[in-house]
Amino acid sequence: MRKEKILCTFPWYYTISGGYCVTIRVEMKMREPIDGDALRKAVDTTMSRYPYLGKRLKSSLFRYYLVENREPVAVIETDGPVTLGGREANGHQFAFSYWGNSIYLNQTHGIFDGRGSYPFTSTFLHYYCLYRYGEDIDVPNMNLAGTPINPAEYADPYRYPFPKSVAPLRNPDRLKCALKLERMGLVTPSQMHYCRIKINEAELMKLCKSSDASPNTALSVLVCRAVRKLHPDVKSPVVPSIFCDPRPALKSKLSHHSLAGPFCLSYDNRMDKMEFSAQNTIFRGKLMVLSDDGIMLRKQCCMRRVYKSLSLLPLLCLKKLAGRIGRWLSFRTCTFFISYARNSSFGECDRHLDVYSPLQYIQGSGLTLEISTVDECFMVTWLQEWKEKVYLEAFLRECDSVGLGYELIDDGLMVTDRYVLE
């Protein structure tokens, strides 16, 4: 059995330890109750087009590696957590569960990131609508069963030469240590809680147009303003870490691998008295520089060198230690994470979807905003590792201050999937 080495997904797999794993639980809430038989058929048909996603994680004294897994992807009727990697998930890195009107795609971050999962999810929703409603719906980015598989879909881009680029621009921010919300005395660390906030797409885009913003920068700036008003005397900058997709720069648009990497922007006390539009102009300019192909490729080259070097560590325990240190360093340099999966609409299938909401679980991350779009609405999923709503309420006050309407959909304790290595 061929052993697939782990390279581009090093930080996601080598942080697996003691049952902990970075997971994403994507809820697809439909307008009608879920048909378990249609769901089972849709998963099986979808997997016939994506057989390369059937992977089991194995370990040796020296490393983790992936092997082919031909067991069926699990479909479980439950609204509780799913244990990935083990018997419940048939050894897979993802599994489907369902309850009431909701379908959950429970996955490790190693198998997918947001962009990498869309072709698979689009294909699945096409077949679910076909078997559930008898509708042959055209969903963007779907790949139907029987269509050819492009090797670029499963190739690890870190194992091939990177594209050449022009001399990169200079990174606009050199960050050392960011303001950490859990240390400011207003919250008590606990299990992950969530709140879903629905914003009309046309209304947010109108605000962006009038304020020189993008959805990424507008929402980032609103969170930063909220934090600064709660802590006006703190000198440490508020630092959003924005996940950006390097696929265009790497010429790897089809890759399913988890490639999204964070870029940090700094909001300090010099920006406090600026108008909202000026704050957005600064953030948008910084983000444009950071997403330049040259900087993106330079960052990816650096990451590839680091992962290759860490892969040479002689023992699995040392690789896992390196993974944990890397995670700690990434948390130290930011205040919160923000992930925006652009153009996440599923076309005609949107009429059957009430909610499409990724709930990412990264233990120790503090605050994360997951942003998705379905049926002409933005869904902001606010994820926090504390019970208190002080920062959420401050953020909503900032939305009010710029005239951005919103609707609170639901909130509660987040269901976090587990992981076992068999």
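This is a predicted model: local features need pLDDT of at least 70, side-chain atom pairs count only at pLDDT 80 or more; totals for chains, interfaces and linings use all residues.

**Aromatic rings**

- The ring centres of Y127 and Y131 are 6.2 Å apart and the ring planes lie at 25°, so this pair counts as stacked, the cut-off for stacking being planes under 30 degrees apart.
- Both partners, Y127 and Y131, belong to helix α3, where a spacing of 4 residues corresponds to about one turn of the helix.
- The two tyrosines fall into separate accessibility classes: Y127 has 7% relative accessibility and therefore counts as buried, whereas Y131, at 29%, counts as partly exposed.
- One aromatic cluster is formed by Y50, Y52, F94, F96, F112, F120, F124, Y128, Y133 and Y154.

**Packing of α2 against α3**

- Helix α2, covering residues 36–49, packs against helix α3, covering residues 114–133, at an angle of about 140° and with the axes 8 Å apart.
- The two helices, α2 and α3, are therefore oblique to each other, and α2 passes α3 in a right-handed crossing.
- On the α2 side the contact is made by A38, L39, K41, A42, V43, T45, T46 and M47, and on the α3 side by F120, T123, F124, Y127, Y128, Y131 and R132, so that the stacked tyrosines Y127 and Y131 also take part in this helix contact.
- Sorted by class, the contact of α2 with α3 comprises 10 nonpolar, 3 polar and 2 charged residues.
- F120, F124 and Y128, which are among the members of the aromatic cluster, are likewise among the α3 residues that contact α2.

**Packing of α5 against α10**

- Helix α5, residues 215–230, and helix α10, residues 390–401, pack at an angle of about 115° with their axes 8 Å apart, and their crossing is right-handed.
- From α5, the residues L219, L222, V223, R225, A226, V227, K229 and L230 meet V390, Y391, A394, F395, R397, E398, C399 and S401 of α10.
- By class, the contact of α5 with α10 holds 11 nonpolar, 1 polar and 4 charged residues.

- The C-alpha atoms of C302 and S122 are separated by 33 Å, the two residues being 180 residues apart along the chain.
- G323 is part of helix α9, residues 316–332, and at 8% relative accessibility it counts as buried.
- Although G323 and Y13 are 310 residues apart along the chain, their C-alpha atoms are separated by 8.3 Å.
- With neighbours within four places in sequence left aside, G323 is in contact with Y14 and T15.

**Backbone: positive phi values**

- Most residues other than glycine have a negative phi.
- N141, a residue other than glycine, has a positive phi near 75°, and it lies in the loop between α3 and β8.
- D212 is not a glycine either, yet its phi is positive at about 55°; D212 sits in the loop between α4 and α5 and is partly exposed, with a relative accessible area of 33%.

Note on methods:
Residues are numbered from 1 along each chain as its sequence is written. Side-chain values use heavy atoms; hydrogens and water are left out. Axes are lines fitted to C-alpha atoms, for helices over the stretch in contact, and angles run from 0 to 180 degrees between N-to-C directions. Angles under 35 degrees count as roughly parallel, over 145 as roughly antiparallel, 65 to 115 as roughly perpendicular and the rest as oblique. A crossing is left-handed if the near helix is turned anticlockwise from the far one by less than a right angle, and right-handed if clockwise. Contact means heavy atoms within 4.5 Å. Ala, Val, Leu, Ile, Met, Phe, Trp, Tyr, Cys and Pro count as nonpolar, Asp, Glu, Lys and Arg as charged, and the others, Gly among them, as polar. Rings of Phe, Tyr and Trp (its six-membered ring) pair if their centres lie within 6.5 Å; planes under 30 degrees apart count as stacked, over 60 as edge-to-face and the rest as tilted. Buried means under 20% relative accessible area, exposed over 50%, partly exposed in between (1.4 Å probe, protein chains only).
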